[in-house]
Amino acid sequence: MPHRKTALRLVAPVAVLALALTACGGGDDAAEADAKSPATTEASPSPSEPASGGDMAKGESATGKVAEDPGEVTYEVVAQKVEVGTEAEAAKAVADAADAKGKVLATAHIKYTHKSGPALTEGSDVHDGATVFADGQRGGVLIGASEDAPGCEDPYDVESWKQGESHVFCETYVIPANATSVEVHWSEEDGEPYVWKFPQK
């Protein structure tokens, strides 16, 4: 597979939609239906064990499936840490320093463990589900920057991956320098994201 080149790709901020359930008419019928199904709330998964996506505690791992070649693989995923740099470092990392004004680099270290499924021989797509947000807004991807970061592996160099083995892949994003919270999101294809929060001082 070709290696990604280091370049700043500005990604349009993705609006975070809060899905609030509100009454949309229905009058007494809707109220009666709610009264007849009190067990619905109790059947929901607990926040510490989300069925698909949800807020994760520090060090807590999520489990998800990824369609790989030659077959579906189940991974255990945990965001270990986020390293936030300086504006000066961001200016050096991008092609045009003006693009990094008021911005810093945030590198998320994410550990992936092959739990079940076929052994991989031609790389993996598990890292494609990872993104970095700052204060609720998606950052701008800095392609290739994390391949040389200490403790990070290049996913395109991993050509053999067997059950029980782990690898740490990193994602580097450009975020506002004054961000108070950085989040690492990872999700299965078409799934809700698992979210690890890293408050900034």
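How many salt bridges does the count come to? Two. This is a predicted model. Start with those pairs.

**Stop 1: Asp55 and Lys197.** Select both side chains. They meet in a salt bridge, 3.9 Å from N to O. The pair links distant parts of the chain. Check the exposure of each. Asp55 has 48% relative accessibility, so Asp55 counts as partly exposed. Lys197 counts as partly exposed too, at 46%.

**Stop 2: Glu83 and Lys81.** Now select these two. Their side chains form a salt bridge at 3.2 Å, N to O. Glu83 is partly exposed, with a relative accessible area of 37%. Lys81 is partly exposed, also with a value of 37%.

**Stop 3: Ser52.** Go to the loop between α2 (39-42) and β2 (54-56); Ser52 is there. Show its surroundings. Leaving aside residues up to four places away in sequence, Ser52 touches Glu188, Gly191, Glu192 and Tyr194. Draw a C-alpha to C-alpha distance from Ser52 to Gly191: it reads 6.6 Å, across a sequence separation of 139 residues. Ser52 is partly exposed, because its relative accessible area is 34%.

**Stop 4: the negative patch.** Select Asp69, Glu122, Asp125, Asp128, Asp157 and Glu159. Together they gather in a patch of negative charge on the surface. Zoom in on one member, Asp125. Asp125 lies in the loop that runs between β5 (103-116) and β6 (130-134). Its relative accessible area is 37%, so Asp125 is partly exposed.

Notes
Residues numbered from 1 in each chain as written. Predicted model: local features only at pLDDT ≥ 70, side-chain atom pairs only at ≥ 80, totals over all residues. Heavy atoms only, no water. Helix = DSSP H or I, 4+ residues; strand = E, 2+ residues; numbered from the N terminus. Buried < 20%, exposed > 50% of the residue type's maximum accessible area, 1.4 Å probe, protein only. Contact = heavy atoms within 4.5 Å. Patch = residues over 30% accessible without salt bridge, like charges linked within 9 Å, V, L, I, M, F, W, Y side chains within 5 Å. Areas by Shrake-Rupley, 256 points an atom, 1.4 Å probe, with all protein chains shown as cover. Salt bridge = Lys/Arg side-chain N within 4 Å of Asp/Glu carboxyl O. Lys, Arg positive; Asp, Glu negative; His and termini not counted. Charge placed at Lys NZ, Arg CZ, Asp CG, Glu CD.
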